[in-house]
Structures are given as structure tokens and as C-alpha cells.
Amino acid sequence: FVWFYMPDLAQDIDFSKGYTFLEQEFRTIAIESDDTKRFVDKLIKVYLKDGQEQWICIHLEVQFAKKTDFPYRMFRYFYRIYDKYNQQIVSLCVFTGDSQSYQKEFKYDFYRTKLLYEYRTAILNEYDEEYLISQDNPFALVTLAVKYGLKSKTDEDMRYNFKKKLIMLMARKGYSTEEIQNIFDFIEIMLELEDNEKNKALYDEIRTLYQKEGVSMVITKFHEMAMEEKAIEIAKNMLQEGIDIEVIVKCTGLSKEKIIELENIN
């Protein structure tokens, strides 16, 4: 993440010393909000190569609202951390939407008393597609998934093609199993397909591809997940029709316990 969005900082970090999510420290300065689903905020401690401790405040906007309290929110994080912990902070705001009016600074000007607070920003929709495809950093594909999600919106055919393209790129870039699984989870959210037939067709194609690339175990896992969801849907319909549980087990491959659970839910 840091290498992709803040390479100038990344080159000075000593990653051999690891990193720490400062959840407890963040809670002491966190801002109360009635709209917490719009934001994801993280405070992370790293060490620079000169031995200095460095805190990074990351603010992720996960909805596409144009009018927000981002600038003031970012400023309050800054002054609260600086005042309470006496730590210098690198602040980054990641915008995931397609607004043309994101605010990138906090200004205060009252009777010649002035303040300007500028924080780093990354607007994912503004990254060039060819550049993202050319990069090996997994967050390039994460960013590309956001772009594709915004572009396709509710177009199932476009989402299908974008999703297939992203997963093929993952297979060819030599990512680890863990990286592929994590990115796949994100792509599933950004490019969710409502059409079960498209999902099945996609998983079948991708399983074949990943078998050729030698990482079939990854896509097989997700293929099985998709098939289980389809089996559950079929089982629910069969239960509604009053079909015997033993017959449903044979038809769907689901366990008897799972069928009974679905029957109780119904």
C-alpha cells in the first residue's frame, strides 16, 4: 500500500522492523460521526531507516458523497495526534469515488488569523489504466478494480469482462496465493455480479486458466463457494416444494445438517 500510494515515504521506511496498527491510540482521538460507514480510518506506526518512529494516518472514503467534512476531519486527526502524542504524522486521504470536487486541504481564515493544512490525497479513479496494468504492485489491481467498478456501475456484461480481465492479470503477474485470495475478495465486492449464470461461467473459465498457471487451488476454492451458493438456492426451492431432505442432499451435494439449517431458517 505504501509503496504504491506513497513511494517517497516507502523508500525511507525500514520494513524489516514491521508495523503496528495503533487501534487503542486511535480510539482516543477518533471523531464521533453518525455516518461511520462512509469512512475507514487507520493509524499505523512504522520505523524509518534512520531509526525514527513515524506515524501514518490513513483516511479512506468508501462512499461517493461530494459534500463531506473530510478537510476538518483530517485536520482534527492531525492536531489531536500531534498534541496528545507529540508525533509527526503523514496523512493520506484515499478517495474511491468519481467526484470532481474533492477537497484536498483545510483552510481557516478569520480576521487575519490564518491556517492552511494540506494532506496527501490519492484519487483512485484518476490513475491511468495502462499504467495500472503495467505495475506489479497488487494495489495497482485494487485501484484498477475501483476504476472498473465506477465505470461499469450496473452493466453486468461490462462487469463480467472487467472481472475476468482482472483475475487473468492476477494469474499472470505471479502473485502469491494469499495475495490472490485477498485481491479476489476485493474484486468480488467492487464488481459483484447478480447473474448466477455469469458467475458460474466466469468461475469455470478462470479455473481452467489458473490450472494452466499452476495455482488452481486458489480459484477452485472460490468456484466451490459459488457452487455452494447455487446449491443453497436450489435447496431452498426444493424445501419450499416439500421435497424430502435425503433427496435434496443427493441432488445438491450439501450436507444433511446444512439442509436442516436451511429448513429451520425458512
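Is Phe1 buried, partly exposed or exposed, and what is its relative accessibility? In this predicted model, Phe1 counts as partly exposed, at 29% relative accessibility.

In one of them, the ring centres of Phe1 and Phe139 lie 5.4 Å apart with their planes at 85°, so the pair is edge-to-face. Phe1 belongs to the segment before helix 1 (2-5), while Phe139 is in helix 6 (residues 138-152), so the pair ties together parts that are 138 residues apart in sequence. Phe139 is partly exposed as well, with a relative accessible area of 28%. Another edge-to-face pair joins Phe110 and Tyr111, at 4.8 Å centre to centre and 85° between the planes. Here Phe110 is partly exposed at 49% relative accessibility, whereas Tyr111 is exposed at 73%.

Phe110 and Tyr111 also take part in a nonpolar surface patch with Tyr108 and Leu115, and together the four residues have about 480 Å² of accessible area. Leu115 comes from strand 6 (residues 113-118) and is partly exposed, with a relative accessible area of 34%.

Elsewhere, one aromatic cluster is formed by Tyr72, Phe75, Phe78, Tyr79, Tyr82, Phe106, Tyr117 and Tyr119. A ring also meets a charge: the charged end of Lys84 sits over the ring of Tyr85, 5.8 Å from its centre.

Turning to the cysteines, a search of the whole structure finds zero disulfides. For Cys57, the nearest cysteine sulfur is that of Cys93, 9.4 Å away; the cut-off for a disulfide is 2.5 Å, so Cys57 and Cys93 are not joined by one. Cys57 is buried, with a relative accessible area of 1%, and Cys93 is buried with a value of 0%.

How values were computed
Residues are numbered from 1 along each chain as its sequence is written. This is a predicted model: local features need pLDDT of at least 70, side-chain atom pairs count only at pLDDT 80 or more; totals for chains, interfaces and linings use all residues. Side-chain values use heavy atoms; hydrogens and water are left out. Patches are made of residues with over 30% relative accessible area and no salt bridge: like charges are joined within 9 Å, nonpolar side chains (Val, Leu, Ile, Met, Phe, Trp, Tyr) within 5 Å. Accessible areas come from the Shrake-Rupley method with a 1.4 Å probe; for residues, only the protein chains shown count as cover. A salt bridge is a side-chain nitrogen of Lys or Arg within 4 Å of a carboxyl oxygen of Asp or Glu. Helices (H or I, at least four residues) and strands (E, at least two) are DSSP runs, numbered from the N terminus. Buried means under 20% relative accessible area, exposed over 50%, partly exposed in between (1.4 Å probe, protein chains only). Rings of Phe, Tyr and Trp (its six-membered ring) pair if their centres lie within 6.5 Å; planes under 30 degrees apart count as stacked, over 60 as edge-to-face and the rest as tilted. A charge sits over a ring if NZ of Lys or CZ of Arg is within 6 Å of the ring centre and within 35 degrees of the ring normal.
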